[in-house]
Amino acid sequence: MIRRLILALTVSLTALPVLAEPSRIVVAGGDLTEIVFALGAGERVVGVDQTSSFPAETAEIAQIGYVRRLSSEGVLSLAPDLVIAAHDAGPDVAMEQLEAAGVTIAKAPAATTAADISEKIRFVGAAIGAAEKAEDMAAAFTEDLAAVTAKTAQLPNKPRLMFILAIRNGAPLIGGSGTSADEMIRLAGGVNVAAEIDGYKPMSQEAILSAAPEVIVMMEQHATRMGGVEEVLSRPEIALTPAGQNARAVTMDGMLLLGFGPRTPAAVAELARALQPEAAKAAGL
């Protein structure tokens, strides 16, 4: 009976405001951590996951592991009264163990587009007892995103971009439609040459050469793991593309670029400036 009540409360958090103000918050999801801090509740955060690297204060907070590989024991050791978790946080057994221990879990809605971030802000605000402040923040976010995208829409060129997530089994893993990479490329005024594939998929050398990207986009952290930008551009499947021939690549902080957090308008502007510096400057970006 008690377990059913706990589960019912957990589920209700996705739809109803939480009136109390939890004092010990654990956050699993870098975007959610950014929102909690932006709402002024950072001092109540006692644990964060490995994707939570912004703001700088998160470096001093206890780590609970990777968002999809959490340990219930590690989380429970922090005695939280609320866990705010990404929609894909897990594993399921760990989440079930936390619920069974009486921990309130608020699982955030998935954000499939940048426009969904405002709802994520409202969700976090309701969970931590800052609904009014979150409403103001969500409204400001929507205005900022609209202002930035209005400017990127005026850019004269539509550069052809390819986002490389990683090298897997010898082949680049490319961001296709339905990914945050695809959304960011579109918002920044580019064209995703891999839009015909769904999700993150490997592409053959022939397919990449046929796609003819003008710019390669990568996360800084992953570019380093792949041997650096120069190493990626010199790969056989990249070297003969316009991007490889002109040595054009853009790297950005992964959470900033793909995290769909409150800094997304700034990320769109940064990507646009990297792609078309003079035009972006003229557009006021």
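The following legends describe close-up views of a predicted model.

View 1. Five strands make up an open sheet with parallel pairing, arranged in the order β3-β2-β1-β4-β5. The edge positions are taken by β3 (62-63) and β5 (105-107); each has a single partner strand, so one side of each is left without a neighbour in the sheet.

**View 2. The pairing of β2 with β3, and helix α2 on the sheet.** Strand β2 (residues 45-48) runs parallel to β3 and is joined to it by two bridges. Within this pairing, valine 48 of the model is found opposite glutamine 63 in β3. Helix α2, spanning residues 30-38, packs on the sheet and touches β1 (25-28), β2 and β4 (82-85). The direction of helix α2 makes about 140° with that of β1.

View 3. The largest nonpolar core contains 75 residues. Those with the most contacts inside this core are Ile84, Ile121, Val124, Ile128, Phe163, Leu257 and Leu285.

**View 4. The surroundings of leucine 285.** Neighbours within four places in sequence are left aside here. Leucine 285 is then in contact with Val148, Lys151, Thr152, Leu155, Ala269, Ala272, Arg273 and Ala280.

**View 5. Arginine 263 and the ring of phenylalanine 54.** Arginine 263 is positioned over the face of phenylalanine 54, at 3.7 Å from the ring centre. As for pairs between aromatic rings, a search of the whole structure finds one.

Conventions. Residues numbered from 1 in each chain as written. Predicted model: local features only at pLDDT ≥ 70, side-chain atom pairs only at ≥ 80, totals over all residues. Heavy atoms only, no water. Pairing = 2+ DSSP bridges. Helix = DSSP H or I, 4+ residues; strand = E, 2+ residues; numbered from the N terminus. Contact = heavy atoms within 4.5 Å. Axes fitted to C-alpha atoms, helices over the stretch in contact; angles between N-to-C directions. Core = buried A, V, L, I, M, F, W, Y, C linked by side-chain atoms within 4.5 Å. Buried < 20%, exposed > 50% of the residue type's maximum accessible area, 1.4 Å probe, protein only. Phe/Tyr/Trp six-rings, centres within 6.5 Å; stacked < 30°, edge-to-face > 60°. Lys NZ or Arg CZ within 6 Å of the ring centre and 35° of its normal.
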